[in-house]
Every structure is written in structure tokens, then in C-alpha cells.
Amino acid sequence: IVNVWYSVNGERLGTYNGHTGAVWCVDADWDTRHVLTGSADNSCRLWDCETGKQLALVKTSSAVRTCGFDFGGNIIMFSTDKQMGYQCFVSFFDLRDPSQIENNEPYMKIPCSDSKITSAVWGPLGEFIIAGHESGELNQFSAKSGEQVSTIKEHTKQINDIQTSRDMTMFITASKDNTAKLFDCTSLEHLKTFRTERPVNSAALSPIFDHVVLGGGQEAMDVTTTSTRIGKFEARFFHLAFEEEFGRVKGHFGPINSVAFHPDGKSYSSGGEDGYVRIHYFDPQYFEFEFEA
């Protein structure tokens, strides 16, 4: 079940009922009218944000791993998993043409035969998408032609998460190889690396400061076999330019699966394996210190 909450006071606004499997991805369009969700029940669904009504249902052959609206909110993309004999595909639908959804015929479908896509986001102005793979590879696919524009491999293991900066010039990746890396959106140039001693599940860029937050942790089943230091599940803050860690926030008692900054930069949230979403508000000194610095 997908839930929507007020970030100011933690009050729940409502739910989007319909999926029958784990929900892997959620995205809202720029004016928060529509919500897109992808699930392990082999479907991608479009919802009315305010009423919770399901507006469209796209059935797929395998689980939907990533999904997203483009810059204008008219085009959606989602990727499906490589499983049960089906290969990984990225599908593009134009919501202005209702027949595409009704007939389940995307205007473009890109096959990814080598390594499945584990995370994907739209690039600036909706010209291309940036996809991270199980192999650690990063690709740019043109949203017009579907061709692979460029590809790089800076990570050695699976990319778990990709998030863009507020102005869409940069993006950050989180990987199982214990690092998060910063890249240029257009050229895919590798700019910075943030190192930890555990798999990084999610990373986000502050919209107002040169700060990065990382979330992750050893999975419970790996802890006893690989590490004696159990329960290191803090959110970790790094300086974007200097790549230095300057703070940790405790709270979760399981690996952190996702982190995000509030659009105003005054708080951040983290969702963990422990079943909690925690919203942390930065204290006033945080802002004073930054502006003085």
C-alpha cells in the first residue's frame, strides 16, 4: 500500500490501494497532481494524488523496478526486471495519448539484455534517462530515439539508487560497493566519491547546501557472517566538495533503504528496514553555521 503523509506534522492524508505486491518505486509529477507507482505484482499504476483514484494500469511481464515522470509530467518511463525468462525493458508512455495506456503499447521500448536496471531517473528537460545497472554500469538512453547515448562504469557492484540535484545538473549514485558517487548529468563525468564501510542503499543531495546524506547498512542476514559491529544504521552526512563526513544521525535499528531531503532543505527523511520513516528537522544553528561559513 502506498501512503501519503503531510511532512509538516506526520499526519497521514490517505492511501493508494490496488497493488498486491511489494512497491518498488513511487514518483509524483511536478505539480503533485498525479502519482506513479511500480510494483512486484507486475504492474505500473497512475493515481490521482488528491483523491487516491487509480487513473491507469499498465500490466507488465515482470516486476516494475523504477518509474518516473519527465520534466513536464506528460511522459512516464518505467523499467521491468530480468526474471522468469523475461529480459529487462524500459518502456515510455505519453499520457497525452490515452490509447497507449489502453492498448498497453508504449511509444518506445528499450531492451537491456546484459544487466538489469536497478535505478533510473530522467535527465534535464526530459531529453534522456540515466539508468544504473546491477553490474555497476551507468547508461544514458535518449527519450526520443531510444539509443544508448553514453555509458560508464565507475561502480564495481550494483547501483541501488540515483537522485538528481535540484537544478538537474548533477546526480548522485548509491552502490553496494560501499560508495556513493557524484556525476555530471549531461557528460556523465565522475566528480566526487563518498566512501563508507557498508553498502549504500540511498543517497540524496541537499537543495540549499553543499551537503550529501547517505543511508545504508549491512543486511541482517550478512551481519553475523561479515561483521562484528552490528547495528551501524546511521544516516551519514558528507560535504559535497570536500568529500568529508561531518555528521551522523542515529535512530533506525535496521538498514536504511531510502533517504530524501525536503524541497526546502530544512529537513530530511529516511525509510528503514525496521518499518519506520523518520523525519528529522535541522536545528537553526545548522543554517547559521552554513551561511557564516
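Buried means under 20% relative accessible area, exposed over 50%, partly exposed in between, with a 1.4 Å probe and protein chains only.

First, ground rules. This is a predicted model: local features need pLDDT of at least 70, side-chain atom pairs count only at pLDDT 80 or more, and totals for chains, interfaces and linings use all residues. Residues are numbered from 1 along each chain as its sequence is written, and side-chain values use heavy atoms, with hydrogens and water left out.

Now T66. T66 sits in strand β7, residues 64-69 (strands are DSSP E runs of at least two residues, numbered from the N terminus). T66 counts as buried because its relative accessibility is 4%. Its side chain makes a polar contact with the side chain of S79, at 2.7 Å. A polar contact is a pair of N or O atoms within 3.5 Å; within protein, one must be able to donate a hydrogen and the other to accept it, and residues adjacent in sequence count only if both atoms are side-chain atoms. Leaving aside residues up to four places away in sequence, T66 also touches others, including C25, M77, F78 and I117 (contact is heavy atoms within 4.5 Å).

On a 1 Å grid over the protein atoms alone, a cavity is a set of points where a 1.4 Å probe fits but cannot get out; lining residues have an atom within 4 Å of a point. The largest cavity is lined by 14 residues. Which lie nearest its centre? R198, G216, G217, E234 and R236. Strand β20, residues 211-216, gives the largest share of that lining, 3 residues.

How values were computed
On a 1 Å grid over the protein atoms alone, a cavity is a set of points where a 1.4 Å probe fits but cannot get out, and a pocket is an open set with protein on both sides within 12 Å along at least five of seven lines; lining residues have an atom within 4 Å of a point. Helices (H or I, at least four residues) and strands (E, at least two) are DSSP runs, numbered from the N terminus.
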